[in-house]
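Please consult the sequence and the three-dimensional view shown below while reading.

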Amino acid sequence: MSKKPSGLGKGLEALLPRGGAGLVRLPLELIRPSPNQPRRRFREEALKELVESIREKGLLQPLLVRPKGEGYELVAGERRYRAALEAGLKEVPVLVRDLTDREALEIALVENLQREDLSPVEEAWGYRRLLDMGLTQEEVAQRVGKARSTVANALRLLQLPEEALKALDEGRITPGHARALLMLPEEERRWALDEILNKGLSVRQAERLKRRKPRGEPDLERQALAEELSKSLGLRVSLFRKRLVIEFSSEEELALLLERLGYQA
């Protein structure tokens, strides 16, 4: 006979401190969601299915809460909490634990990562909050059961412009597209995002993106070189992609230029 699974995953059980009130029932009105909940998006269809299940069978898995103010703060189980509210439950089963802010965030992250519920952006911000609480990348990786490289790559996503983060969070681009954007200079990432979205580029096509300067437009390095040449020759010099233009206004200036170039008629 197989063992009935508990309401919390193995990773969560390892993070929970021993002791506490155990399994109790609390009025739902005493529980408030956490402002540090890493998950921001909930699929409406899946939520509705859970509401119907709770109406029929009740809430089978307990919520995890911690004492906060005059009530309790939700640590793990926000989808079940929302569904219980919509189903009209008055009381719900909960596990009460005394947890620090960091412990609560770690548990919320692990719960969502185990179910693969977080978007790449939500995951990255969760790691960022743990770093802000004093953990190193190595410690974050150990807490959430991920490789350090996985955590580092997730955090790199936060270097993207806000428009790209929003597109990734909404599923309009993939993590592969996001990594392609990170390969580009920072000033070209918004342009590249528009190219991906407007043209429906694949990840492979996005990786080949390179912004071309308008034909004949000098870049800053070439402009600086042109100015140095102008000072050296005493004439107006323009340096383009495949053209060097030296302007003179008289036969005397032309003769002087030819002399400086070492040309002898």
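Angles under 35 degrees count as roughly parallel, over 145 as roughly antiparallel, 65 to 115 as roughly perpendicular and the rest as oblique. The model is predicted, so that local features need pLDDT of at least 70 and side-chain atom pairs count only at pLDDT 80 or more, while totals for chains, interfaces and linings use all residues. Residues are numbered from 1 along each chain as its sequence is written, and side-chain values use heavy atoms, with hydrogens and water left out.

Helices (H or I, at least four residues) and strands (E, at least two) are DSSP runs numbered from the N terminus. Axes are lines fitted to C-alpha atoms, for helices over the stretch in contact, and angles run from 0 to 180 degrees between N-to-C directions. The table lists the helix pairs.

| Helix pair | Axis distance | Crossing angle |
|---|---|---|
| α6 (residues 137-144) and α7 (residues 148-156) | within 8 Å | roughly 110° |
| α5 and α7 | within 8 Å | roughly 105° |
| α5 (residues 120-132) and α8 (residues 162-169) | 7 Å | about 120° |

With that angle, α6 and α7 are roughly perpendicular to each other. Contact means heavy atoms within 4.5 Å: Q137, E138, V140 and A141 in α6 meet R148, V151, A152 and L155 in α7. These contact residues comprise five nonpolar, one polar and two charged. Here Ala, Val, Leu, Ile, Met, Phe, Trp, Tyr, Cys and Pro count as nonpolar, Asp, Glu, Lys and Arg as charged, and the others, Gly among them, as polar.

Helix α7 also meets α5, through T150, V151, A154 and L155 in α7 and E123, A124, Y127, R128 and L131 in α5. Six nonpolar, one polar and two charged residues form this contact.

Helices α5 and α8 are oblique to each other. P120, V121 and E122 in α5 meet L165, L168 and D169 in α8; four of these residues are nonpolar, none is polar and two are charged.

Two or more lining residues come from each of β4 (71-76) and α4 (101-115), and α4 gives the largest share, four residues. By class, the lining has five nonpolar, three polar and three charged residues.
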